[in-house]
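Student: I have a model open and want to learn how to read it. Can you take me through some features?

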Amino acid sequence: MQAHYLTLSFSHKNTPITLREKLALPQDRLVPFIKSLRAIPSLREVLLLSTCNRVEFYLYTHAPQECIVAVLDAFAREIALPLHILESHCHSALDQEAVHHIFSVVSGLDSIVLGETQIVGQMKEAYKLCFELESCAQEMTRLMHFAFRTAAKVRTQTTIAKTPLSIASVAVKKALESSPKSALVLGAGEMAQLAARHLLDSGVAVCMSNRSKNRAISFATTLLQEKKIKQITHITQESHAGVLKDFGLDSSVLCLLDWQDMPRLFNDFGIIISATSAQELIIRRQMCEPRDMKRAWFDLAVPRDIESTCAELGIEVLCVDDLQQVIEENRSHKKHQAHQAHALVGTAVVEYFHWIQSLDVLPLIKSMREQAKQASMQEVARAIKKGYLQAEHEEEVLRILHNAFNVFLHNPTLNLKELSHHKEGDTIIQALQKVFTQNDKPKLLDRYKCEYDDISL
């Protein structure tokens with residue numbers, strides 16, 4: 001039974017942030033949910049990508065329609081949402097369209113910020129997790145190895161990622177319009193770290209607060225080792241007023257704020273960039289106090305960290321979707337590089353399916369040659385045994401027979417390779433597999449590494 005690649009996508013293109021923030025699964029629920037999907041009869045392999053801006057299922061199935069219903073139903077039950085809501089926002093793609101979508105995602109061409117490279121690491125982590133959970137096997141492994149290779153080509157053969165842009169950098173660019181001297185970064189994950197780096201590079205002093213203080217300290221130590229900063233300072237509730245008075249004068253100092261003190265101190269910051277992995281709001285309307293200064297707070301988290309009603313106090317609150325205008329400006333600057341990148345992705349999709357089709361041909365050719373070799377050796381051995389051939393001539397006769405079969409199989413080999421690229425080739429190849437009793441399908445990729453094998457005779 002023929003199997004298909006299938007993608008189910010919830011992203012910024014088809015799903016509003018109010019729904020996206022309900023879709024992302026925390027780590028402690030992600031693993032058991034992936035394991036539960038393996039019980040779906042129509043599903044052979046699955047890779048689940050869950051980030052702040054997209055939740056996508058990459059599937060390999062012999063019954064696409066049954067698989068869509070089963071996966072969405074399981075997902076709806078997991079996140080306690082009505083199935084019809086997921087169905088109304090889900091974008092599905094099959095086979096070539098699905099592979100093209102995956103290659104585009106990994107290459108950063110489907111991201112809010114065109115060409116961003118953060119998605120590559122996220123995809124590798126998602127693949128590694130699913131591979132270790134044995135939800136990814138041969139077919140998805142082949143696909144992801146090819147996808148990572150395609151992403152590398154896009155990065156090296158175009159300039160779309162030479163000056164990588166991320167949500168964090170877009171937020172910082174917007175924040176710099178108010179010429180801030182200091183900013184508070186909430187969180188210490190990848191997005192928060194990127195924001196902190198962009199702020200420091202722009203001469204803005206950074207204060208950081210994270211629920212896990214050790215992670216914030218580890219990041220600050222890294223910045224110190226990289227000579228991005230010269231000093232790490234800890235702010236307490238008692239010392240913050242004095243520290244903040246001079247805080248904006250020196251961007252070489254990174255200030256760490258204890259998480260428990262953050263609710264009492266965040267109102268003193270004109271710029272806040274929040275990118276935590278919390279499942280609940282961090283800053284609520286009732287926590288905000290009026291201040292005689294302009295404040296712009298950027299919420300880069302999904303689910304959101306900052307309650308939107310904070311804007312009632314004159315605070316400019318921007319979430320990921322609000323940055324779309326700046327993102328579109330960046331997209332226009334990269335239009336030419338995007339055309340080149342999409343061309344590379346399109347070529348990669350064609351190459352991938354040619355490669356996949358050739359995998360069925362190569363074992364067949366090998367089987368044909370092996371059977372010819374075995375027949376030659378068997379008949380030569382029989383001739384020697386019956387006295388038709390002297391043993392000292394065995395090697396010469398085998399060499400002649402080997403050359404003869406090579407000549408005989410040369411054109412069929414070329415024709416089979418060519419047929420593998422055409423639809424009608426499937427029927428011919430399957431018939432020859434039966435004629436030559438070649439039933440094995442080799443598992444060429446069964447290990448975790450970010451590349452694909454180039455098979456040749």
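Tutor: Start with helix α2 and its packing. The buried residues of α2 contact β2 (43-50), β3 (54-61), α3 (64-79) and α6 (118-132). Contact means heavy atoms within 4.5 Å. Buried means under 20% relative accessible area, exposed over 50%, and partly exposed in between, with a 1.4 Å probe and protein chains only. Helices (H or I, at least four residues) and strands (E, at least two) are DSSP runs, numbered from the N terminus.

Student: What kind of model is this, and how are residues numbered?

Tutor: This is a predicted model: local features need pLDDT of at least 70, side-chain atom pairs count only at pLDDT 80 or more, and totals for chains, interfaces and linings use all residues. Residues are numbered from 1 along each chain as its sequence is written, and side-chain values use heavy atoms, leaving out hydrogens and water.

Student: Which residues of helix α2 are buried?

Tutor: First, the general idea. An α-helix has 3.6 residues a turn, so residues three or four places apart point the same way. Now α2 (residues 27-37): its buried residues are L30, F33, I34 and L37. They lie on the same side of α2, because their arc around the axis is only 100 degrees. The arc is that of the directions from the helix axis to the C-beta atoms.

Student: How do I read the packing of α5 and α7?

Tutor: Axes are lines fitted to C-alpha atoms, for helices over the stretch in contact, and angles run from 0 to 180 degrees between N-to-C directions. Here α5 (residues 96-106) and α7 (residues 138-157) pack at about 50 degrees, with axes 8 Å apart. So α5 is oblique to α7. Angles under 35 degrees count as roughly parallel, over 145 as roughly antiparallel, 65 to 115 as roughly perpendicular and the rest as oblique. In α5, V99, I102, F103 and V106 meet residues of α7 including L143, M144 and F146.

Student: In what order do the strands of the open sheet run?

Tutor: Two strands pair if DSSP finds at least two bridges between them. Here 7 strands form an open sheet, ordered β7-β8-β6-β5-β9-β10-β11, with parallel pairing. β7 (231-235) and β11 (316-319) are the edge strands, each pairing on one side only. β10 (residues 296-299) pairs with β11 over 4 bridges, in the parallel sense. There, A296 stands opposite E316 in β11.

Student: Is T15 buried or exposed?

Tutor: T15 is buried, because its relative accessible area is 2%. T15 sits in the loop between β1 (4-11) and α1 (17-23).
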